[in-house]
Amino acid sequence: MIWLVHSAIVILYPRTAALPGAADCDLEAFLLRFRREAAPLVWLGVVLGAVLFHLTPVFTVRVPLPAFMLPPDVADRHASRISGSRIYLVRQSIFLVKLAAGLAWGAHPDVRARFALPALAPDPGTWRQH
Amino acid sequence: MIRGAHVAFRGKDERDLDAEVDYVVVGSGAGGATAAVTLARGGAEVAIVEAGAWRDPEDYPLSSYGGMRDLMDDWGAQVTRGRALWPVVQARTVGGTTVINSAICVRTPDDIFEQWERDHGISGLRSRVLAAEDRVERELTVEEVPASSRGRSNLLAKQGADALGWTDSHYMRRYTEECLGRGQCLQGCRDRRKQSTNLNYVPETQDRGGLVVSSAPVERILSEGTRAVGVTGRFVHPTTRAQGTRFVVRARKAVVVAASATHSPVLLFRSGVASPALGNYFRAHPGTGIFGCYDEPVDMNVGATQGWASVAFRKNPGLKLETLAIPPELVASRFAGGGRELMERLADYRHIAMWCHAVRAESTGTVRAPFFGSRPVVRYELDGRDMLTFREGMKLLARQHFAAGANAILPGIAGMPFKLGKDDLGLLDDAPLDPQRYIAILSHLFGGCVMGKDPRTSVVDARGRVHGWTGLVVADASVIPTNLGVNPQHTIMGLAATFAADLLGG
């Protein structure tokens, strides 16, 4: 499942000349943490969104292959079209994948540096115990 | 009871918690903490029972991911059921939503008290609530956003509104003390400048001998007939969500419920409160944002997260306008598109400013207890009239951006162009009225346990007491029977202090 989500996110957030892509942002480690820590329904929603992303190129770019098997330029066209789908639930499902991915991508020090923002220290994850 | 103690998560292998106090307060946000400290100052023994963990500023997360994990209720995954799935934003932590909001302080408008009296038979609250709000302002330090912390997005918003001649355009007054403008309100202020209730009223309650029980979601109010005598539930671990041992906190005098507009009705449902109005008349401020694109960098995350507002349109058409800075993590999903197209859009992050509206919606929804799990079921959608107001707000924000010098706007409406220039502004006149076309949120919530004179149409009376029950009071946003059209924290605190004072006075 991690692989499915990972590959969808890498297509949705590719590396460009101006910005690092999701693949440059410790995505694997993030997804492992996300799967472990997120509310089960949130993780399930992300997985279902990724599955939908991979199964729909036949509708968006008329190629009967899963998105992870598409050539990069076709996959990119699929990412653009599926994100703007006219079907609300499809759009929302991809939105959820983009949201999860954005949490990893946008907080990465390399991305923040491009936006003149300081790197974030790790989240403490602590609380008052006594 | 151990006076002045804090009891955090207790595992199943530890002993149950059994305590007895005068008053049990469920929830520690704006309503709960204010009620608790009022009762404690009156000499009562108080216990605050909070579903979330107690996190001090040193514990606050820095990332949006951490904010969702550590501070939000259910990861922020609560959404409305209706035509569109719009998130219902609330916190779950000691301090409640005061930890993650922008601490905006707006006094309850006079017309609200008039409306409550005229439509709901609630009289005698105005002077007492406003006196309580005065006191809260003095205690929590309310200041206008300092000039050094305004940031360019807030300055531009003021400039745009002033250029349009709006009757109200102001820098916000907030419960902060010398805000440093780090743009981290939504993850909690690690600099302790934001005066969230976990930093003041909750510790003061504890200092006055109160008991604080955290990571302790209340499942049920204990009762003897129709008299509330305490609360019970099981501890839940803050990270693993594993259930711990059971807790029972008994109340000699009363139980005060302040668990939020979504959780309070559910708790009353589960506790056998049978009111025909329970869970009804749920209202909100649904809203969305428009990005403006500027030639020079705006760096909206530098400066106060929210620093400018206008209530010029509160009555007609029913809108509050505000700035809101969001970090790259959230802009990434907020922008339409995927692939290279999305990345090219994101490259302009430094040059965009997001301003948003909150609709004073008249549409009502319901809150119900779920068959399984603990997540409240919120049914809510905007009717046609409110959607017209929603669209009107988009147009106002767009005009404001252009008046401030934006070269384009990003309306974020599905099916419309990603970017609109000044000459395209007319397209917004025909923007769709389907909620599914917008990415919106419900930020301010009201109702579900509304107050009123008539038990057939309200759950509590004008003193927050549940009709037909003894020793059961609701003191949070769920009692508010109308849409305020302004940020509700101050009203919630004023009402909670008033209801608590009533309890002390018998």
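This is a predicted model: local features need pLDDT of at least 70, side-chain atom pairs count only at pLDDT 80 or more; totals for chains, interfaces and linings use all residues.
**Exercise 1. Describe the make-up of chain A.**

Let's start with the secondary structure. Chain A has seven helices and zero strands, and from the N terminus on its elements run α-α-α-α-α-α-α. Next, take the extent: along the principal axes, the C-alpha atoms of chain A fill a box of roughly 55 × 35 × 25 Å. Then turn to burial, where 40% of the 130 residues of chain A count as buried. Finally, look at the contacts in chain A between residues at least 6 apart in sequence: 57% of them join residues at least 24 apart.

**Exercise 2. Work out how α1(A) and α2(A) are arranged, and which residues meet.**

Begin with the axes. Those of α1(A) and helix α2 (residues 27-37) of chain A come within 10 Å and cross at roughly 130°. Angles of 65 to 115 degrees count as roughly perpendicular and those over 145 as roughly antiparallel, so an angle between these ranges is oblique. α1(A) is therefore oblique to α2(A). As for handedness, the crossing of α1(A) past α2(A) is right-handed.

Now for the residues themselves. From α1(A) come I2(A), V5(A), H6(A) and I9(A), and they meet L27(A), E28(A), L31(A), L32(A) and R35(A) in α2(A). Sorted by class, this contact has six nonpolar, one polar and two charged residues.

**Exercise 3. Characterise the side of chain A that touches chain B.**

First, the count: 45 residues of chain A are in contact with 45 residues of chain B. Second, find the elements of chain A that give two or more residues to this side: they are α1 (2-12), α3 (40-55), α5 (72-83), α6 (88-107) and α7 (109-114). Which of them gives the largest share? That is α6(A), with 12 residues. Third, the classes: the side of chain A that touches chain B divides into 27 nonpolar, 11 polar and seven charged residues.

**Exercise 4. Locate the two domains of chain B and describe their contact.**

Start from the domain assignment of chain B, which gives domain 1 as 6-55 + 93-103 + 106-141 + 196-280 + 449-504 and domain 2 as 144-186 + 282-442. Taken over C-alpha atoms, the centres of domain 1 of chain B and domain 2 of chain B are 30 Å apart. Their contact takes 18 residues from domain 1 of chain B and 24 residues from domain 2 of chain B.

To finish, look at the domain 1 side. Helix α7 (residues 263-270) of chain B provides the largest share of it, five residues. By class, this side of domain 1 of chain B has nine nonpolar, eight polar and one charged residues.

Terms used:
Residues are numbered from 1 along each chain as its sequence is written. Chains are lettered from A and ligands numbered from 1 in the order in which they are written. Domain bounds come from an automatic or database domain assignment. Two residues are in contact if their C-beta atoms, placed from the backbone, lie within 7 Å. Helices (H or I, at least four residues) and strands (E, at least two) are DSSP runs, numbered from the N terminus. Ala, Val, Leu, Ile, Met, Phe, Trp, Tyr, Cys and Pro count as nonpolar, Asp, Glu, Lys and Arg as charged, and the others, Gly among them, as polar. A residue is buried if 20 or more other C-beta atoms lie within 10 Å of its own, exposed if 12 or fewer, and partly exposed in between; C-beta atoms are placed from the backbone. Axes are lines fitted to C-alpha atoms, for helices over the stretch in contact, and angles run from 0 to 180 degrees between N-to-C directions. Angles under 35 degrees count as roughly parallel, over 145 as roughly antiparallel, 65 to 115 as roughly perpendicular and the rest as oblique. A crossing is left-handed if the near helix is turned anticlockwise from the far one by less than a right angle, and right-handed if clockwise.
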